[in-house]
Amino acid sequence: MSKLRTILAIFLLLAPISGFAKDYFIRIVPQPESIELQSGTFKAIGAGVSCDDAFDAASRTVVQEFAARMSLVTGKVSAFAVPVGIAASASAGKIKGFVFIRDSRMSDEEYRIEIGKKSVIVRASGFYGLKYAVESIKQMLPEAIYGNSVGVKADWHLPCAVISDKPRFSYRGMHLDCARHFFSVDAVKRYLDIMSVYKLNRFHWHLSDDQGWRVEIEQYPELTLVGGYRSGTMIGRDFNSDDGIRYGGYYTREQIREVVDYAAKLGITVIPEIDLPGHMLAAMSAYPWLGCSGGPYEAWHKWGVADEVLCAGKETTYEFLENVLGEIADLFPGEYIHIGGDECPKTEWEKCPDCQAKIAELGLKADGKFSAEQYLQCYVTARMQAFLATKGKKIIGWDEILEGELAKGATVMSWRGVDGGKEAASHGFDAIMTPTSHCYFDYMQSQDKDKEPVGIGGNLPLEKVYSFEPLEGMPAGAENHILGVQANLWTEYISTEEHLQYMLLPRLMALSEVQWCKPENKDFEGFKTKLSEHELKILDAMGYNYRRLD
Ligand SMILES: [Zn+2]
């Protein structure tokens, strides 16, 4: 064999592992709108990171943190710089490495990534697009980018490609019930962290219920000091049992602000829920005058729907609600406050002289479709909506708020199936789809009762979450009122963070493709491949517990 042929043979032998002929894939969840894979790769290790000075400080921080993370995990410095006139130098091909350019023509959440052999040019108009571009770049890198190991030896290359992306829905939510079981600020932050990886942008925080009041209110300290605790909890699914153990906890105002700020840095807006006028036993245990009978009441030990609700006849109830919601409006800067409105039995109102007097005063009458008491709940909703409007806030309520009359400007969360959302949207209300059929992450992930932890029951496997099409059967012209999709995680049967994460993951990833991708960009088999080849490794690197794939 001649020397030349030997060299050629060695070259061909080495080619498949040298990166030259390696088969690169792009695995990103949620799937971007468009990916054009090209030949060649970009060497990301040690690449400089330049950020346009036209971006605001929060946006530049996102890019700077990416540079810092690259430096940490690769062990080779990715120098960060904020040059002036970067757009001109980049288009002249003068800049190498990662280049983040502000393009004001793009929509808020849109981004574009052009990966060449010498540079990765990212374009976005501001914080959100930039944030999502960085998340997509991180997903193309080895999973070590998510961990805290230093100087990891891995294939730090990106395949050359052009990625253009923007979300299908503007509201991409995940809910967490911290009332039935309490989760620490750190646990909530870890919940937000993983939402952020998958480009979710709304955190619906359920902060009050029959079993516990979790948010400190200055004017009513007993809400948390008394209402934040229950003297026992039913055991497993046995409604006749009680462990007799005091249970509870709450978030101080300072902790609430800490979570809100933390979420904002991740591009997530927090939507607090104060569920009213039902699901209020914990508040009533602290202030019994809130109820029709005057109590005494006790924070509930079991799950379900309590008959005792706020008295809608006494003015003192409205004063209380306005004071509480006023403080909530101050604590949470987002435009929405969720006022619940679900599962409010009317048995007490039917007997209560104050409630009946209010019904008479307002001239409310049963009309064959709804009872006078149902119209009384509409009055409560409308009054809170009007009050919150004075604070610059809009309300969201569960789909029961459609029963009777609903004032313009309210947003409906469709949970008892999708019909509430369709009805709301066809009447010109905005709606968010969160049906039990596809979006209740407290439901089990298979029918194998021996394999799954004790829970509320149901069966919502990964594939079913993935299959959800929120606009299916939507009346013509109503589509634009569907703001987006959210999954809910109620915690009656979930008391540990490990269990919480197991219920959340990997269903959160399936949800993210429902929220982000157009139907033609979804493919369950491809999604599952992304999970098994890469996404679950990200969860391992970040230290999450999750359900293994079937
Ligand atoms: Zn009453």
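Tutor: Cys 355 is buried, because its relative accessibility is 0% and the cut-off for buried is under 20%. Keep in mind that the model is a predicted one. Cys 355 is one of the protein donors of the zinc ion; the others are Cys 292, Cys 311 and Cys 352. In each case the donor atom is SG, and the four lie 2.3 to 2.4 Å from the zinc ion.

Next comes the geometry. The angles that the four donor atoms subtend around the zinc ion run from 106 to 114°, so the arrangement is tetrahedral. The rule behind that word is that all angles must lie between 85 and 135 degrees for four donors. For comparison, the ideal angle for four tetrahedral donors at a metal is 109.5 degrees.

Now the positions along the chain. The donors of the zinc ion are spaced as C-x18-C-x40-C-x2-C. Cys 355 sits in helix H11 (residues 353-362), while Cys 311 sits in the loop between helix H8 (281-286) and helix H9 (315-331), so this pair ties together parts that are 44 residues apart in sequence. Cys 311 is also buried, because its relative accessible area is 0%.

Ile 271 belongs to strand E14 (residues 269-276). Ile 271 counts as buried because its relative accessible area is 1%. Leaving aside residues up to four places away in sequence, Ile 271 touches several residues, among them Tyr 171, Trp 205, His 338 and Ile 396.

How values were computed. Residues are numbered from 1 along each chain as its sequence is written. This is a predicted model: local features need pLDDT of at least 70, side-chain atom pairs count only at pLDDT 80 or more; totals for chains, interfaces and linings use all residues. Side-chain values use heavy atoms; hydrogens and water are left out. Donors are N, O and S atoms within 2.8 Å of the metal (3.2 Å for Na, K and Ca); water is not among the atoms, so sites may look incomplete. Four donors count as tetrahedral if all angles lie between 85 and 135 degrees; four count as square planar and six as octahedral if opposite donors are over 155 degrees apart and all others between 65 and 115; anything else is irregular. Helices (H or I, at least four residues) and strands (E, at least two) are DSSP runs, numbered from the N terminus. Buried means under 20% relative accessible area, exposed over 50%, partly exposed in between (1.4 Å probe, protein chains only). Contact means heavy atoms within 4.5 Å.
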